[in-house]
Amino acid sequence: SIRMTRSVHSRFAGPLVALFTAVFCLAGCTPEATYLCPDDTQCLMITEIAAAGTELLDEDGSVEDWIEIYNVHDRAIPVGGYHLTDTEGATGWRMPERVLQPGEFLVVFLSRKSRRGETLHTDFALNADGEYLGLVRPSGLVESSFETFPEQQFGISYGRAFRDGAPTEELRFFPSPTPGAANGTGSSDID
């Protein structure tokens, strides 16, 4: 009977632990697969924007504004619940559940199409004359922003220069945009 008890226990232990974990997680736990970034650590960064469009086309074949988000942390970061906004102090468009691996880029179109499928589209577009752009955490803290990006031109992106494989705080123009890949060192002006 001891063996039977162990056998029954081992047969039901996995599902019971899974059920307990699921219920507990609904109450706010953080499973290892969904690491939440501490408030005092930056995990995600907007590294490139194109507010006047580039040669990159969306799945409809349209030229749209786009941005690139980069995971600067050494752990996978869930982006579900983060928001993108063009209005300072507002939460804006909610990002869907998705995990960004360390060093991974995510391109999001800012097109007013509001899609959360394979390709992401916000419900707003950027003003090519320049404006605020923010990535806001589920807690409401601003994770990354451009206070007011400068006027944009078609075919030229703007963002953070990369040095030694990592983004810097140095903001530059990129005559050769790199959506989904590391930026170069760029130029200080459009000309």
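Predicted model: local features only at pLDDT ≥ 70, side-chain atom pairs only at ≥ 80, totals over all residues.

I looked at Lys113 with Asp60, whose side chains meet in a salt bridge at 2.8 Å, N to O. Lys113 sits in the loop between strand E7 (105-110) and E8, and Asp60 in the loop between E1 and strand E2 (65-71), so this pair ties together parts 53 residues apart in sequence. I then checked how open the two residues are. Lys113 has 24% relative accessibility and counts as partly exposed. Asp60 is partly exposed as well, at 43%.

Next I asked myself which salt bridge joins Lys113 to Glu64, and at what N to O distance. The side chains of Lys113 and Glu64 meet at 3.4 Å. Glu64 also belongs to the loop between E1 and E2, while Lys113 is in the loop between E7 and E8, so the pair ties together parts 49 residues apart in sequence. Is Glu64 buried or exposed? I found Glu64 buried, because its relative accessible area is 16% and the cut-off for buried is under 20%.

Zooming out, I noted a network of salt bridges that links Asp58, Glu59, Asp60, Glu64, Lys113 and Arg115.

I also wrote down Glu97 with Arg94, a salt bridge at 4.0 Å, N to O. Glu97 counts as exposed at 60% relative accessibility, and Arg94 as partly exposed at 40%.

**Entry 1: the sheet.** I traced seven strands in an open sheet, in the order E8-E9-E7-E2-E1-E12-E13, with mixed pairing. Which strands are at the edges? They are strand E8 (115-116) and strand E13 (166-174), each of which pairs on one side only.

I followed one pairing in detail. Strand E1 (residues 44-50) and strand E12 (residues 157-163) run antiparallel and are joined by two bridges. For Glu48, the bridge partner in E12 is Gly159.

**Entry 2: aromatic rings.** My search of the whole structure gave five aromatic pairs. In one of them, the ring centres of Tyr70 and Phe105 are 4.5 Å apart and the planes are at 35°, so I logged the pair as tilted. Tyr70 is in strand E2 and Phe105 in strand E7, 35 residues apart, and the pair links these distant parts of the chain. Both Tyr70 and Phe105 are buried.

Tyr70 also forms an edge-to-face pair with Phe162, at 5.6 Å centre to centre and 70° between the planes. Phe162 lies in strand E12 and Tyr70 in strand E2, so this pair ties together parts 92 residues apart in sequence. I have Tyr70 as buried at 10% relative accessible area and Phe162 as buried at 6% relative accessibility.

**Entry 3: the largest pocket.** I noted a volume of about 220 Å³ for the largest pocket. Which of its twelve lining residues are the closest to its centre? They are Leu36, Pro78, Gly80, Tyr82 and Pro138. By type, I sorted the lining into six nonpolar, three polar and three charged residues.

Note on methods
Residues numbered from 1 in each chain as written. Heavy atoms only, no water. Pairing = 2+ DSSP bridges. Helix = DSSP H or I, 4+ residues; strand = E, 2+ residues; numbered from the N terminus. 1 Å grid on protein atoms, 1.4 Å probe; cavity = no way out; pocket = protein on both sides within 12 Å on 5 of 7 lines; lining within 4 Å. Points joined across faces, edges and corners; volume = space filled by probe spheres on them. Nonpolar A, V, L, I, M, F, W, Y, C, P; charged D, E, K, R; others polar. Buried < 20%, exposed > 50% of the residue type's maximum accessible area, 1.4 Å probe, protein only. Phe/Tyr/Trp six-rings, centres within 6.5 Å; stacked < 30°, edge-to-face > 60°.
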